[in-house]
Amino acid sequence: MSFNIVVLAKQVPDTRNVGKDAMKADGTVNRGALPAIYNPEDLNALEQALRIKDKFPGTKVQVLTMGPARAAEIIRESLYRGADGGFLLSGREFAGSDTLATSYALACAIRKMGKIDMIICGRQAIDGDTAQVGPQVAEKLGLPQVTYAEEILKIEDGKITVKRRLERGVETVRCPFPMLLTVNASAANCRPRNAKLTLKYKRANTATERNSLEEDCGDFYKTHPHLNITEWGTADIDHEPEWLGLSGSPTKVKSIQNVVFTAKESKTLDASDNTIEELMKELIANHTIG
Amino acid sequence: MSNFYLDNPALKFQLSHPLMPKIVALKERNFADKDKYEHASQDFDDAIDNYERVLEIIGEICAEIIAPNAESVDKEGPQVVDNRVIYARGTQENHDALKQAGLYGMALPRQYGGLNFSMVPYVMAAELVSRADAGFANIWGLQDCAETIAEFASDDIKEEFLPRVSQGQTCSMDLTEPDAGSDLQAVQLKATYNEAEGIWYLNGVKRFITNGDAHIKLVLARSEDGTNDGRGLSYFVADNRHDHTIKVRRIENKLGIKGSPTCELVFSNTPAKLVGTRRMGLIKYVMSLMNGARLGVGAQSVGLSAAAYSEALAYAKDRKQFGKAIIDFPAVYEMLALIKAKLDASRALLYETTRFVDVYKAYEGIETERKLEADEKADYKEFQKNADAFTPLLKMFASEYANQNAYDCVQVHGGSGFMKDYACERLYRDARILTIYEGTSQLQVVAAIRHVSTGTYLKKIREYEAQQLEPEFEALRQRLAAMTQTYEKAVAQVSESKDNEYFDFAARRLVEMAGHIVMGHLLLLDANRDDMFRKSAEVYINYGEAEVVKHASFIKRFDPAQLENYKA
C-alpha cells in the first residue's frame, strides 16, 4: 500500500516574535521587518505525511505552496526533511487572494497533479488565523475532510483513523480515501532537516530563481531534473480567471485597527504530569517564568 | 528559532582558517566523490557551505531540543531494566532527532553512508552538542569508534558495521575493568578463538563503560593466554544483539553527566570479531582511539565552557544589586572576562589541534590508497607529531578550564547558583569528570612532557612568533617572547638536575607554561584575523604571563631535596 500525498504549505511572516516595526502605520503587516518562515502547523502537517511515507514505502509526498518567487524556500525546506518534490503556484494574478480565491487556486493546481489519495495541511496560518483554506479546498474537490487532527492512529482497509483535538476533548474518526486532513499544532513536531537531503537539495530551485542567478548553470538542471522545483502560473492550471486573486476574493478589508491585547487566549489543560511538564517547558521557553 | 551555531560567530571564524583549503582538499581527495554522490562537495567553497548547512542543523537541534531536555535528563537519568539500559526520555528524544537529521557518521566516508566531513566541522558539532548537554555528547560522540573501525578493521567488518553507525546505531568503547583503569595493561577480559567456527568469544567483566548497552562495541580483551601485559591484548568488535550474552549488571550513580549511562557489563560467550592484528589492541588501536577520545573531551570541555559563559553572562546582566547590574562591578566583570578568555583560548587550542589531526588523518587515509610522495610523507609526520603534542595539552587545559569556568559561573550566580533552579549547578557537576576520564590531567602531563623535552612545543611557538602580525599586536608578541624565554630557562634548569623524580614533579608546571604561551599566540593570531578576539587575547596574555612567572618562580627556588617534604 502506498499513497500520493499533497501537503499544502504556506510561507508566512514570523508573527511570533513581533517587534516594534512589525506593523506599518496604516495597520498592515510590515512583511519586510518579519522573517519569512514555514507556517508552523504546516510543518506539523508535513510530519504526518512523512510518517505515512516511513510506514508505507512507495508513498510520494509533494508539497504545494502558493506565493511569490521566494516561497520556493518552503519547497526546499520540505525536500530537506524528506518530501519528494514540490510545486510553487506563483503569479501576479494570484495576488490579493482571500481564503476563497486561495482555495480555488490550490484546488485547481491539485486537480493538475493527477490522482491524489490525501491532502494534508496545517489547521491555519499564523498570519491570517482563519482555518478556512483547508476545508474550502476539500469542498471544492468534493473530498471528505477531517480537521484538527492530532494523530493518525491507523491506516487500513482504505480508511484512515484520526484522533482530533477539540476544545473540550478528543474525538476519534474514521474516513475513507481520498480525503483532506488539517493538522493541529498539538500533533508531533516536524522532524529536523536531514543533513544529506539538505546537501543534496540545496541547489533545488525554480526557473525564476535560476534566471536571477549571476552564474550560468549550463545544463546542470537538465542533467539533475529532480533539482527543478516546478513553478506553475495561471497558464498551467485550468481555471476561471475571475475566481482568482482580488476579483475572486469577496473578502474586502474595510478598516484596520490597532488592538492592544488585554487577555491572551485561554487554554484548557488536563491534569496529567505530562501536560503540566509541557506547560512548564513552554513557560520557561517563552521566558514567562525562569 | 534559536541556534547554537548561528549565535556564535567564533565557530564560523574557525572555518575560515588559512589551513582549511588544504584540509578540505586532502579529505576530499580533490573532490573525487563529486560525481558519485549528490551530497558530495563540488569544490572548496561548496564544502565549506556544506559544513555550515549541517552545523546549522545541529545548532538548531542543540538549541531547540537537546538543551531544553538537559535538566530533565539530569534528573531522570537512565535505568537498567532486564539487563538493558533504558535512556531517559529526553536522551531518547535527542538521539532520535540527531538520527533523523543524519548526524551520525559525520566523518565516515560516503561509501559507508557518512558525510565524509573533515574533523574541524565534526569537532565543532561535538562542541555544540556539549554546550547543549555535555552528558549527551558522550552518546553522540562515541561515533568516534567508527573511525577506529574505518582505520583498522578488515573490509568485511567495515561493510558490516559502518553503515549501521551512519544509520544511527550507537557505539561504546569497552576498555576499563575493575582492576584496569588508567593502567589498561591489566585488562583481563578473555577472548578465546574457536577455530571450528572461526569466531572469537569474549568472557569477563567491564566496568565504567559509557553507553555500555550500545549496538556496536569495541572491546579490549586478552587474546593471548599466559600474558600479563599490554602485548597480550587484542581489539574486538562485538555486535550487541541484546541476546543476553552481554548483560548490563548495573549503572553507576554519578556526580554529573547523569544522562550518560556508565555501565558494568558481563560478557558471557559473546561472539566477536578481531579488529586489525592480534596483540596490537592496546599498543596501536586503543592509543589511536584514545587520541580521538581526548580530542572529543577537548570539544566537550569547550562546549561546557561556552555554556558556563553564556549562563554567567546572562545572569550578571540581569541581576541587580546595590542599584545596578552586577556585571558593572569590577569583581564580577573580571570573572566574566576570565571565563571568556579561557573559553576562547581553549577553543583556539581545540581547533588548532583538530587541524593537525585532520591533515595527518587524511594522509593516513591516502596512504592506504597509494604510496605517499616524499614531501607528503614529511608533511604527514610533521602534522602527526604536532597532533600528538597538542592533544594532551588540549585535553588538560580545556577540561581544567571547563571546571574553573563552571566554578566561576556558580560564583557569579551567588546563592542562587547553589540552588537547583539554575543550570550552573548542573554544569558544575558535569564538568568534574572532564579532567578525569580518557586520561586524567596528570596522565596528560605524562604524554605532553616529552614534547617539552624534545622541543615540539618550542618549535611550534617559534613558528607562531614568526607569523606576520599587525603592528598594534607587536607589544603582546614581545611579552609572549619574554614568556618563552622564561619557559626555556625553566626547562633547562629542570633538565640539568638529571633527577627523574624531580623532572616528573616539575612536569606539570613546564607543560602548563608551554600551554599558556601556545594559547597566547593562538589568540593573538585569531585577534590579528578578527577583532572579536582582541579583548580575550589581551586578557589571556595577562593571565598566562602571571601563571608563567608563578611557575618559573617556583621552579627557580625549588631544591629537589625538598621532594621529601611532599611525601606523606
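Predicted model: local features only at pLDDT ≥ 70, side-chain atom pairs only at ≥ 80, totals over all residues.
Student: Where is Gly77(B) found?

Tutor: Gly77(B) sits in the loop between helix 3 and strand 1 (79-81) of chain B, and its C-alpha atom is separated by 9.9 Å from that of Lys254(B), which is 177 residues apart from Gly77(B) along the chain.

Student: Why is Gly77(B) partly exposed?

Tutor: Gly77(B) counts as partly exposed because 19 other C-beta atoms lie within 10 Å, whereas a buried residue needs 20 or more.

Student: Switching topic, how many residues of helix 12 of chain B are buried?

Tutor: Seven of the eight residues in helix 12 (424-431) of chain B are buried, and they are Cys424(B), Glu425(B), Arg426(B), Leu427(B), Tyr428(B), Asp430(B) and Ala431(B).

Student: And what covers them?

Tutor: The cover includes helix 3 (44-76), helix 6 (134-141), helix 9 (281-318) and helix 11 (374-413) of chain B.

Student: How far apart are the C-alpha centres of domain 1 and domain 3 of chain B?

Tutor: Those two centres lie 17 Å apart, and the contact takes 25 residues from domain 1 of chain B and 22 residues from domain 3 of chain B.

Student: Which helix gives the largest share of the domain 1 side?

Tutor: Helix 5 of chain B does, with nine residues of the side that touches domain 3 of chain B, and the residues of that side of domain 1 divide into 13 nonpolar, six polar and six charged.

How values were computed:
Residues numbered from 1 in each chain as written. Chains lettered and ligands numbered in written order. Buried ≥ 20, exposed ≤ 12 C-beta atoms within 10 Å, placed from the backbone. Helix = DSSP H or I, 4+ residues; strand = E, 2+ residues; numbered from the N terminus. Contact = placed C-beta atoms within 7 Å. Domains from an automatic or database assignment. Nonpolar A, V, L, I, M, F, W, Y, C, P; charged D, E, K, R; others polar.
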